Amino acid sequence: SLLMSLPQAPLLRIIKSHLPENTLCTTAARDCIGRSTTVFVLCVTSLALDVATQNKRKTIKQDDIMAALAQLGFGGYEERLQQSKRQKLDPTPGCVTSEKEEVEGQ
């Protein structure tokens, strides 16, 4: 296929982690989710590149991604994405620090 696809194992883990216990997902449904996810990523990337280009840059930044998500109607997810980023950066499991604490700690 001309369209790239995401690795199946991580995708399956994500799907399973968000389904209620004892819920099944057919192979066709997983494939559809995988294709949809790939299209979504390519769309966000394309829109983010447009934002970067409008700002006379060749590098896509996080703000470009957030602007692309807002264009697609996902602007309300910004805080959730920021929180997810902070959790990933924090070496303490389950610990979420505020951006203010991160700046003061530097």
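Predicted model: local features only at pLDDT ≥ 70, side-chain atom pairs only at ≥ 80, totals over all residues.
User: Why is the pairing of D64 with R57 called a salt bridge?

Analyst: The closest N and O atoms of D64 and R57 are 2.8 Å apart, and the term requires a side-chain nitrogen of Lys or Arg within 4 Å of a carboxyl oxygen of Asp or Glu, so the pair D64 and R57 qualifies as a salt bridge. A search of the whole structure finds one salt bridge.

User: What makes D64 buried, and what makes R57 partly exposed?

Analyst: D64 has a relative accessible area of 2%, and buried means under 20%, so D64 is counted as buried. R57 stands at 23% relative accessibility, which falls between the 20% limit for buried and the 50% limit for exposed, and R57 is therefore partly exposed. D64 is also listed among the buried residues of α3, together with M66, A68 and L69.

User: Why are α1 and α2 described as roughly perpendicular?

Analyst: Helices α1 and α2 pack at an angle of about 105°, with their axes 11 Å apart, and because angles from 65 to 115 degrees count as roughly perpendicular, that description applies to α1 and α2. The contact is made by Q8, L11, L12 and I15 of α1 and by R30, D31, I33, G34 and T37 of α2.

User: How do you know that G34 is buried, and what separates G34 from L12?

Analyst: G34, which is placed in helix α2, has a relative accessibility of 6%, and since the limit for buried is under 20%, G34 counts as buried. The C-alpha atoms of G34 and L12 are separated by 9.1 Å, while the two residues are 22 residues apart along the chain.

User: What makes the pair of F74 and Y77 tilted?

Analyst: F74 and Y77 are 5.7 Å apart centre to centre, with 45° between the planes, and because stacked requires under 30 degrees and edge-to-face over 60, the pair of F74 and Y77 is classed as tilted. F40, F74 and Y77 form one aromatic cluster. Each of these residues is partly exposed, with a relative accessible area of 33% for F40, 32% for F74 and 40% for Y77.

User: Which residues form the largest nonpolar core, and which elements give two or more residues to this core?

Analyst: The largest nonpolar core has six residues, namely V44, L47, A48, M66, A68 and L69, and the elements that give two or more residues to this core are α2 and α3. Leaving aside neighbours within four places in sequence, A68 is in contact with V44, L47 and A48.

User: Where do N22 and K56 lie, and what makes them exposed?

Analyst: N22 lies in the loop between α1 (8–17) and α2 (27–54), and K56 is found in the loop between α2 and α3 (62–71). The relative accessible area is 74% for N22 and 77% for K56, and because exposed means over 50%, that label holds for N22 and for K56. N22 has a positive phi of about 65° although it is not a glycine, and K56, also not a glycine, has a positive phi of about 60°. Just after α3, the residue G73 takes a positive phi of about 90°.

Methods. Residues numbered from 1 in each chain as written. Heavy atoms only, no water. Buried < 20%, exposed > 50% of the residue type's maximum accessible area, 1.4 Å probe, protein only. Helix = DSSP H or I, 4+ residues; strand = E, 2+ residues; numbered from the N terminus. Phe/Tyr/Trp six-rings, centres within 6.5 Å; stacked < 30°, edge-to-face > 60°. Core = buried A, V, L, I, M, F, W, Y, C linked by side-chain atoms within 4.5 Å. Contact = heavy atoms within 4.5 Å. Axes fitted to C-alpha atoms, helices over the stretch in contact; angles between N-to-C directions. Parallel < 35°, antiparallel > 145°, perpendicular 65-115°, else oblique.
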